[in-house]
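Please have your viewer ready, and try each task before reading its solution.

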Amino acid sequence: MFLKKLVLGSVFALGLATAAGAQAEELKAGYSLAPTSHYGASATAMGEELARLSNGKWTVKQFPANALGGEREMVEGAQIGTVDIVITSSGPVGNFVPDTLITDIPFLFKDYKHAHAVLDGPIGQRILDQFPKHGLIALAWGENGFRNLTNSKHPVKTPDDAKGLKIRTMENQVHMTAFKTIGVLPTPMAFPELFTAMQQGTVDGQENPIGVILSAKFSQVQKHLSLTQHVYSPALIILSPAVWNKLSEQEKGWFKQAAMVGAKAMRQKAEDDAANGVEELKKQGMQVVTDVDQKAFQEALKPAYAEYAKKFGQAKIDEIKNYQY
Ligand code: EAX
């Protein structure tokens, strides 16, 4: 009698946990950094909001630190349905959805507010709308942050100082064009290989936002940090169409709202790290150049801007540059 009650009781509890009707589903979310990073903060916030909105029908299981592969591989996984959610920089995304590449132009965004206004407004939406025809769903723009150059050789203040350094770049044509133009030797490489490549001296340096440099412990293999802030690095919260195509309209709304909450948490943490992380990197032994000659970098990039204008159209670039916010 007692046993029967117990069994009935747990069946009832199970029924409550999946009150939304169908079976509870655990979604696989991959990203390249540690759980304590801005991507981890985003995955946690998104997962909690999705579980809340769907009454437990969907939960998010996190696979941090490249456990599901590099960012390019994870995006491929989302296309074929082996990965459900990817939180990724825009780095490799332009290889799948070329319209994202315009956002990777150096010194395009003046500050966070400018970037958020453009990406969260009609221009950003137009780009997100391109994803489905490339076999992907983009739920929201997140944030990786303004990127800064690190290297193991010497302090870098001007583009001349950077000349000849072998710098890992993301697998992104726009970034590679920029680095080639200022005379560094760009070496495109997937992020999971980067730490070892710097440790072994295959490359002299890399560039990333402060939060990434902290999270990936690059201070262990890089002496010099220059606050170049040479490009804003957007992030994206991507969903596999294999998940999206099964959703009702109401459920799609839940996923979008959860992603918005995740994007907000990501921006908050990325910006906190950018504001507070430099001190921590100093403590870890990095030498920091704060008075970078950004004008000289922009000047040195002029031939690259001519190429971007040819590729994207100057009007489209100006539309972003002159966006009122
Ligand atoms: O998304 O590849 C990169 O340098 C990215 O900025 C990093 O994986 C964080």
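**Exercise 1: the ligand site**

A polar side-chain atom of Glu71 sits 2.6 Å from an oxygen atom of the ligand. The model is predicted, with local features needing pLDDT of at least 70 and side-chain atom pairs pLDDT 80 or more, while totals for chains, interfaces and linings use all residues. Residues are numbered from 1 along each chain as its sequence is written, and side-chain values use heavy atoms, leaving out hydrogens and water.

Solution. 
- Step 1. Look for polar contacts, pairs of N or O atoms within 3.5 Å.

**Exercise 2: H2 against H11**

Task: work out how helix H2 is oriented relative to H11, and what kinds of residue make the contact.

Solution. 
- Step 1. Locate the helices, which are DSSP runs of H or I with at least four residues, numbered from the N terminus. H2 spans residues 38-53 and H11 spans residues 249-283.
- Step 2. Take the axes, lines fitted to C-alpha atoms over the stretch in contact, with angles from 0 to 180 degrees between N-to-C directions. The angle is about 150° and the axes are 7 Å apart.
- Step 3. That angle makes H2 roughly antiparallel to H11 (under 35 degrees is roughly parallel, over 145 roughly antiparallel, 65 to 115 roughly perpendicular, the rest oblique).
- Step 4. Sort the contact residues, those with heavy atoms within 4.5 Å: 15 are nonpolar, 4 polar and 3 charged.

**Exercise 3: H13 against H14**

Task: are H13 and H14 roughly parallel or roughly perpendicular?

Solution. 
- Step 1. Helix H13 (residues 302-312) and helix H14 (residues 314-321) pack at about 105°, and their axes are 6 Å apart.
- Step 2. The two helices are therefore roughly perpendicular to each other.
- Step 3. On the H13 side, Tyr308, Ala309 and Phe312 meet Gln314, Lys316 and Ile317 of H14. This contact divides into 4 nonpolar, 1 polar and 1 charged residue.

Methods
Polar contact = N/O pair within 3.5 Å; in protein donor to acceptor, adjacent residues only side chain to side chain. Nonpolar A, V, L, I, M, F, W, Y, C, P; charged D, E, K, R; others polar.
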